[in-house]
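Look at the sequence and the model first, then work through the points below.

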Amino acid sequence: MLEVNGLVKRYGDVVALAGLDLQVGSGEVVGLVGHNGAGKTTAVEVVLGLVRPDEGSVRVGGVDALVEPRKARALTGVAAQDLQLYVTATVRQNLALCAGLAGLGRHAADEALEEVGLAEVADRRVTVLSGGQRRRVQAACALLGRPPLLLLDEPTVGADPQTRSALLAAIRRRADEGAAVLYTTHYLPELVELGATIAAVRAGRVVARGSQSELLAGLPARVVVELDEPGRTHDEPPAGLVGQPAERDGDAWVIRTRDPGGTLAGLVRAGSLPRRVDVQRASLDDLYESLEAEVRHAA
Amino acid sequence: MPRDTSTGRVTAMTRMGFTLLLREPGPIVSRLVMPVILMSLLAPLYRAAADRGTERAVAGQAVMFSLLAMFLVGQGIMSERTWRTWDRLRCSPTSPAEMLAAKAVPPLGFLVAQQAVVLGVGAALLGLRVHHLGLLLATEAAWVVMLLAVGMALATLVRSPAELVAAQDVGGLVLTGLGGALVPLALLPHAAQRIAPVSPGYWGLNGLLAALDGDGPAVARSVVVLGAIALAAWAVAVWRVRRGWSRRDLM
């Protein structure tokens with residue numbers, strides 16, 4: 001449904017996109033992740049035709065989005081990172097506009113209001129809504145009319161857990177119905193909940209793509225242990241941790257290891273008794289760090 | 001069945017435009033009442049100071065307060081840019097021309113009502129005589145379209161609401177003061193009289209006065225000049241919207 005090839009976009013000396021490739025199939029959710037400034041939002045803006053790339057191609061449902069942007073936009077539902085709402089108008093009026101732009105009737109707006117749980121506040125002005133409710137209005141506009149492609153740029157920023165959960169459920173339903181979803185976020189748990197394929201972006205290009213387990217496999221876990229260590233100075237690692245990459249963090253020791261069980265067993269064998277143990281699996285941040293390290297190594 | 005047409009999109013955007021305009025009715029009401037009061041007060045002075053004083057008083061106020069349309073359309077576009085709703089419209093199948101046309105309709109509706117009130121009150125209470133209604137309507141149409149197009153071009157070119165206010169202040173002064181709407185042209189300094197034709201207001205006012213007299217050729221000249229300015233401003237606005245604004249150069 002979405003095919004992006006070799007996108008390059010420069011702003012003066014700044015390279016926002018450096019040959020970005022990306023494909024999203026029907027029924028697939030692809031989570032675009034990366035640090036701020038990695039190029040995620042620029043990529044979305046290029047797909048929407050808001051920004052003209054210097055090089056590359058974008059096809060939406062077989063339509064060349066750079067040649068026929070309006071045709072491509074007609075196939076796309078969008079929830080941008082910035083809230084794009086008429087704040088002095090009511091929720092219903094905002095949705096009616098979105099429906100009108102998509103060539104849909106008011107019933108479609110009402111349906112979207114129900115889906116995101118905003119029917120009760122439909123006649124309130126946006127300006128009196130909470131941040132989470134505003135996010136729902138924005139998402140409802142994107143979901144209107146069941147477009148075959150959804151571009152959702154950090155749609156849950158600032159949303160409370162209830163709103164986040166409701167939005168993710170609605171997005172998942174759309175994917176199950178066959179929509180292709182491109183979803184940018186900094187929250188890995190959201191992508192897990194959506195069952196998304198992860199595409200990691202760094203310096204304007206996709207540097208890794210796969211499921212969460214594929215991408216995080218092999219990355220070291222973070223083991224935090226507090227030990228009963230009467231009479232021992234705090235700066236020296238206990239016998240069980242000698243030779244391991246251990247760092248002091250207050251009263252605890254933090255060890256990065258691919259074998260948490262072996263590390264803990266070694267501690268016990270050496271006579272150190274853990275008072276508290278916390279094993280944290282590799283996270284998105286660890287993935288970023290790993291990718292950065294790979295790039296530095298390659299350079 | 002989806003009604004994915006240009007008319008459907010423009011209708012939806014226009015409906016929202018009226019909603020937003022009517023949320024803040026203060027400027028509209030004041031600009032309906034003020035020209036009527038001012039021209040009633042100024043008509044005796046104009047009659048004493050210049051030929052065709054009644055016509056100059058009514059046409060001058062019609063021109064001066066019609067600038068509100070330029071402000072309304074400009075502020076409407078600037079609000080959309082500030083709220084980022086402009087980007088929402090640009091993300092839809094809507095074309096730049098459709099977006100601008102939809103933004104122009106509510107101020108146009110207000111302006112038609114305002115001009116009808118001003119000229120109607122002028123005719124009913126101050127003795128204004130219209131020799132050729134068709135010529136008057138043609139001049140009004142050209143003037144109004146020019147105002148809306150210039151308002152749209154300004155709002156798409158500036159970088160912030162403050163810049164828009166400054167541009168509209170300067171533009172308003174050029175359109176009214178230099179055009180002879182505030183003070184009859186004959187009473188302005190000679191140098192100002194010589195450069196007055198650079199002001200679209202000059203052509204608007206002259207066109208209105210010529211229309212009131214039934215002077216077809218003079219009306220035609222004004223309509224052509226105003227139409228050309230409108231066309232150029234419209235082209236600039238469409239080009240600017242099509243090009244868009246990146247996140248770094250918008251305010």
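## Briefing: strands, helices, cores and contact

In chain A, A:V33 stands opposite A:A200 in β9(A). This is a predicted model, where local features need pLDDT of at least 70, side-chain atom pairs count only at pLDDT 80 or more, and totals for chains, interfaces and linings use all residues. Residues are numbered from 1 along each chain as its sequence is written, while chains are lettered from A and ligands numbered from 1 in the order in which they are written. Helices (H or I, at least four residues) and strands (E, at least two) are DSSP runs, numbered from the N terminus.

**The sheet in chain A**

- Strand β3 (residues 29–33) of chain A and strand β9 (residues 197–202) of chain A run parallel, joined by four bridges.
- Two strands pair if DSSP finds at least two bridges between them.
- Strands of a sheet pair through backbone hydrogen bonds, either parallel or antiparallel.
- An open sheet of six strands has the order β6-β7-β8-β3-β9-β10 (chain A), with mixed pairing.
- At the edges stand β6 (76–79) and β10 (205–210) of chain A; each has a single partner strand, so one side of each is left without a neighbour in the sheet.
- On average, neighbouring strands of this sheet are turned by 20 degrees against each other, direction ignored.
- Axes are lines fitted to C-alpha atoms, for helices over the stretch in contact, and angles run from 0 to 180 degrees between N-to-C directions.

**Helix α1 of chain A**

- Helix α1 (residues 40–47) of chain A lies across β3, β7 (149–153), β8 (180–184) and β9 of chain A.
- Helix α1(A) runs at about 145 degrees to β7(A).
- How many residues of α1(A) are buried? Eight of its eight residues are.
- A residue is buried if 20 or more other C-beta atoms lie within 10 Å of its own, exposed if 12 or fewer, and partly exposed in between; C-beta atoms are placed from the backbone.
- The buried residues of α1(A) include A:K40, A:E45 and A:V47.
- A:G49 follows α1(A) and has a positive phi, near 80 degrees.

- Most residues other than glycine have a negative phi, and most peptide bonds are trans.
- A:R146 is a residue other than glycine with a positive phi, near 50 degrees.
- A:R146 sits in the loop between α5 (131–143) and β7 of chain A.
- A:R146 has 17 other C-beta atoms within 10 Å, so it is partly exposed.
- A:A203, also not a glycine, has a positive phi near 50 degrees.
- The loop between β9 and β10 of chain A holds A:A203.
- A:A203 counts as partly exposed because it has 17 C-beta neighbours inside 10 Å.

**Chain A as a whole**

- Chain A has 10 helices and 14 strands.
- Its C-alpha atoms fill a box of roughly 75 × 45 × 35 Å, taken along the principal axes.
- Of the 299 residues in chain A, 43% are buried.
- In chain A, 68% of the contacts with a separation of 6 or more are between residues 24 or more positions apart.
- The domain assignment, automatic or from a database, gives chain A domain 1 (2–215) and domain 2 (220–281).
- The centres of domain 1 and domain 2 of chain A, taken over C-alpha atoms, are separated by 43 Å.

**Nonpolar cores**

- A nonpolar core is a set of buried Ala, Val, Leu, Ile, Met, Phe, Trp, Tyr and Cys residues joined through C-beta atoms within 7 Å.
- The largest nonpolar core has 159 residues; A:A140, A:L144, B:A149 and B:M152 touch the most other members.
- Helix α7 (residues 133–157) of chain B gives the most to this core, with 15 residues.
- A second, separate core of seven residues includes A:V223, A:L227, A:L241 and A:L267.

**Where chains A and B touch**

- The contact takes 23 residues from chain A and 26 residues from chain B.
- On the side of chain B that touches chain A, α1 (6–23) and α5 (85–90) of chain B are the elements that give two or more residues.
- α1(B) gives the most to that side, with nine residues.

How values were computed
Two residues are in contact if their C-beta atoms, placed from the backbone, lie within 7 Å.
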